[in-house]
Amino acid sequence: MKTIKLLAIGILFLVSNSIDAQVSVNVNIGARPVWAPAPGYASVDFFYIPDIHAYYDTRASVFIYLNGNNWVRARQLPAHYRHYNLKKCHKVALKGYRGNQPYRHFDNHKHYHKSNNGNKNHKHKK
């Protein structure tokens, strides 16, 4: 009887550790895109991309951009930015912003420096 109790306790212990491990794996599934700055930006929820006047929501993994007069959330940028190089463009980390609508501050954000480094067809003059 004592052996059965010890065996039951051991099984419960193993099951509870397995459940904890699964929870921690599920929490960390959402990964940043390869083009997003990594060091020092782990807590940033939004990046603004001045070259294309768009935002990237790191929590939802979606872009937010203007389509006519409406802000749209989508997994990909619109077709006219299909060849835009997100690895090379200037990105502004919106540190400290809490909320879901960074575009409410677009009038301030649209004045950030544009790099044009992401534009595949842009020829930089020296």
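## Strand pairing and the sheet

Two strands are counted as a pair if DSSP finds at least two bridges between them. In this predicted model, strand S2, made of residues 54–57, is joined to S1 by four bridges, and these two strands run antiparallel. The pairing belongs to an open sheet of five strands, which follow one another in the order S4-S3-S2-S1-S5 with antiparallel pairing. Strand S4 (70–74) and strand S5 (92–93) are the edge strands, each of them pairing on one side only.

Phe 46 has Asp 57 as its bridge partner in S2, whereas Tyr 48 stands opposite Val 92 in S5. The pairing of S1 with S5 is antiparallel and extends over two bridges.

Between S1 and S2 the chain forms a hairpin with four residues between the strands, and in this hairpin His 53 takes a positive phi near 50°.

## Strands S3 and S4

Turning to the S4 edge of the sheet, strand S3, which comprises residues 62–67, is joined to S4 by five bridges, and the two strands run antiparallel. Within this pairing, Ile 64 has Arg 73 in S4 as its bridge partner.

Note on methods. Residues numbered from 1 in each chain as written. Predicted model: local features only at pLDDT ≥ 70, side-chain atom pairs only at ≥ 80, totals over all residues. Heavy atoms only, no water.
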